[in-house]
Structure formats: structure tokens, C-alpha cells
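These entries record what I looked up in one structure.

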Amino acid sequence: MRATGIVRSVDKMGRVVIPKEIRKQLKVENDVDSFEIFMENDQVILKKYRPTCIFCDSLLDSVAYEGYTVCKSCIEKLYELRDTAE
């Protein structure tokens with residue numbers, strides 16, 4: 001883990017502002033992107049959220065369908081499964 005030298009306080013609502021420089025490096029867009037929150041021992045880890053395929057957990061060539069993310073490889077497998085079931 002790389003130290004940034006940036007310290008932010010927690011406000012009365014329990015919020016911490018992620019500095020603009022860090023949001024810029026991560027290509028985070030306000031009101032668009034989200035973060036996953038992890039705990040490791042006494043550390044809180046934020047990771048830019050990227051939805052993965054609900055079947056294989058892949059990030060590659062994913063599309064959103066009715067609130068779910070599915071990769072193109074799994075879509076092809078589902079088509080094959082459908083064809084063999086008919």
C-alpha cells in the first residue's frame with residue numbers, strides 16, 4: 001500500500017471526503033461511480049466498484065441486463081444450453 005500523505009477528518013455524519021487527486025487517478029465520476037468497502041484487521045479499504053459477471057465473476061466484455069451483469073462468454077454458454085434443451 002502506498003502512502004499519500006493526505007489526512008482527512010470524519011465529519012459529524014461519519015463521512016470522509018476522498019481527495020480530488022485520488023478520484024482523478026481512479027477516474028471516479030461524481031454521482032456515477034461507487035466504491036466497495038473492505039475490512040482487513042484495523043484497516044478500511046476502498047476499491048472502485050466494477051460489476052462482474054454473476055456466473056463467472058469476469059470483468060471482460062460484460063453487459064447489464066435487468067439489473068444483472070453477464071459476460072459475453074456466459075451469454076454464449078446460455079445460448080448453447082438453450083439450444084441443447086430444445
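**Entry 1: Thr4.** Before reading any accessibility, I note the cut-offs: a residue is buried under 20% relative accessible area, exposed over 50%, and partly exposed in between. The model is predicted, and I read every value below as computed from it. I looked up Thr4 and found it in the segment before α1. Its relative accessibility is 48%, so Thr4 counts as partly exposed. I then took the distance from Thr4 to Leu60: the two are 56 residues apart in sequence, and their C-alpha atoms lie 30 Å apart in space.

**Entry 2: the largest pocket.** I next asked what volume the largest pocket has. The value is about 810 Å³. Its lining comprises 21 residues, and those closest to the centre are Met1, Thr4, Ile22, Val44 and Leu46. The greatest contribution is that of β2, with six residues.

**Entry 3: salt bridges.** How many salt bridges does a search of the whole structure find? The search returns three.

I began with Arg15 and Asp11, whose closest N and O atoms are 2.9 Å apart. For Asp11 I read 33% relative accessibility, so this residue counts as partly exposed.

I then examined Lys48 and Asp33, where the closest N and O atoms are 4.0 Å apart. This pair links distant parts of the chain, with Lys48 in strand β2 and Asp33 in the loop between α1 and β1 (35–40), 15 residues apart. Lys48 has 23% relative accessibility and therefore counts as partly exposed. Asp33 is likewise partly exposed, because its relative accessible area is 27%.

The remaining entry on my list is Arg82 with Asp83, whose side chains meet at 3.5 Å, N to O. Arg82 counts as partly exposed because its relative accessibility is 44%. Asp83 stands at 47% and so also counts as partly exposed.

**Entry 4: cysteines.** I searched for disulfides, for which two cysteine sulfur atoms must lie within 2.5 Å. By this rule the count is zero. I checked Cys53, which is in no disulfide; its nearest cysteine sulfur, that of Cys74, is 3.7 Å away. Cys53 counts as buried because its relative accessibility is 2%. I checked Cys71 as well: this residue is in no disulfide either, and its nearest cysteine sulfur, that of Cys56, is 3.6 Å away. Is Cys71 buried or exposed? I read 3% relative accessibility, so Cys71 counts as buried.

**Entry 5: nonpolar surface.** Which residues make the nonpolar surface patch of about 540 Å²? I recorded Ile54, Phe55, Tyr68, Leu78 and Leu81. I placed one of these in the fold: Phe55 is found in the loop between β2 (43–48) and β3 (62–65).

**Entry 6: cross-references.** Going back over the notes, I find β2 in three of them. This strand gives six residues to the lining of the largest pocket.

How values were computed
Residues numbered from 1 in each chain as written. Predicted model: local features only at pLDDT ≥ 70, side-chain atom pairs only at ≥ 80, totals over all residues. Heavy atoms only, no water. Buried < 20%, exposed > 50% of the residue type's maximum accessible area, 1.4 Å probe, protein only. Patch = residues over 30% accessible without salt bridge, like charges linked within 9 Å, V, L, I, M, F, W, Y side chains within 5 Å. Areas by Shrake-Rupley, 256 points an atom, 1.4 Å probe, with all protein chains shown as cover. Helix = DSSP H or I, 4+ residues; strand = E, 2+ residues; numbered from the N terminus. 1 Å grid on protein atoms, 1.4 Å probe; cavity = no way out; pocket = protein on both sides within 12 Å on 5 of 7 lines; lining within 4 Å. Points joined across faces, edges and corners; volume = space filled by probe spheres on them.
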